[in-house]
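Biologist: I'm new to this one and would like to know where its labels come from. Could you show it to me, and let me ask as we go?

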Amino acid sequence: MIVYDRLWETMKKKNISQYKLINEYHVSAGQLSRLRANSHVSSHTIDLLCKILDCRVEDVMTFVKEQ
């Protein structure tokens with residue numbers, strides 16, 4: 001299972017809020033909802049977040065083995 005806990009930590013470190021993602025970078029609120037719920041998002045979305053946050057994929061998501 002992919003989880004996006006690191007995304008929120010990276011956003012905090014980079015001082016970029018969800019509001020800023022939506023209004024300045026035009027990330028959809030729906031995408032953020034899916035990320036909060038650890039649901040499926042496209043690789044395009046991950047790529048966009050890495051560009052906005054100037055970070056690596058590992059700073060946005062992690063794989064957690066389901067039991």
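Biologist: To begin, what covers the buried residues of α3?

Modeller: The cover includes α1, α2 and α4. A word on the ground rules: this is a predicted model, in which local features need pLDDT of at least 70 and side-chain atom pairs count only at pLDDT 80 or more, while totals for chains, interfaces and linings use all residues. Residues are numbered from 1 along each chain as its sequence is written, and side-chain values use heavy atoms, with hydrogens and water left out.

Biologist: What makes up the secondary structure of the protein?

Modeller: There are 4 helices and 2 strands. Both are DSSP runs numbered from the N terminus: helices are H or I with at least four residues, and strands are E with at least two. Read from the N terminus, the order is β-α-α-α-α-β.

Biologist: Why is the protein called as compact as a globular protein of that length?

Modeller: Its radius of gyration is 11 Å, close to the 11 Å that the globule rule gives for 67 residues, so the description holds. The radius is taken over C-alpha atoms, and the rule is 2.2 Å times the number of residues to the power 0.38. The C-alpha atoms fill a box of roughly 40 × 20 × 20 Å along the principal axes.

Biologist: Let's look at single residues. Why is Thr10 called buried?

Modeller: Buried means under 20% relative accessible area, exposed means over 50%, and partly exposed is in between, using a 1.4 Å probe and protein chains only. Thr10 has 9%, so it is buried. Thr10 sits in helix α1, residues 5-14.

Biologist: Which residues does Thr10 touch, not counting those up to four places away in sequence?

Modeller: They are Leu53, Cys55 and Asp59, with contact meaning heavy atoms within 4.5 Å.

Biologist: Which residues of α1 are buried, and what puts them on the same side?

Modeller: Leu7, Thr10 and Met11 are buried in α1. They cover an arc of only 100 degrees around the axis, so they share one side of α1; the arc is that of the directions from the helix axis to the C-beta atoms. An α-helix has 3.6 residues a turn, so residues three or four places apart point the same way. The buried residues of α1 pack against α2 (18-23), α3 and α4 (43-53), and the face turned away carries the exposed Lys12 and Lys13.

Biologist: Back to α3: which of its residues are buried?

Modeller: Gln31, Leu32 and Leu35 are. Down the axis of α3 they fall within an arc of 100 degrees, so they line one face of the helix.

Biologist: Why does Gln31 count as buried?

Modeller: Gln31 has 16% relative accessibility, so it counts as buried. Beyond its neighbours within four places in sequence, Gln31 is in contact with Val41 and Thr45. The side chains of Gln31 and Thr45 are also joined by a polar contact of 3.3 Å. That term means a pair of N or O atoms within 3.5 Å; within protein, one must be able to donate a hydrogen and the other to accept it, and residues adjacent in sequence count only if both atoms are side-chain atoms.

Biologist: What makes a nonpolar core?

Modeller: It is a set of buried Ala, Val, Leu, Ile, Met, Phe, Trp, Tyr and Cys residues joined through side-chain atoms within 4.5 Å. The largest one here has 16 residues, of which Tyr4, Leu7, Leu21, Leu35 and Val60 touch the most other members. Elements giving two or more residues to this core are α1, α3 and α4, and the largest share, 5 residues, comes from α4.

Biologist: How many disulfides are there?

Modeller: The count is 0, where a disulfide is a pair of cysteine sulfur atoms within 2.5 Å. The sulfur of Cys50 is 4.3 Å from its closest cysteine sulfur, in Cys55, so the two are too far apart for a bond. Cys50 is buried at 11% relative accessible area, and Cys55 is buried at 16%.
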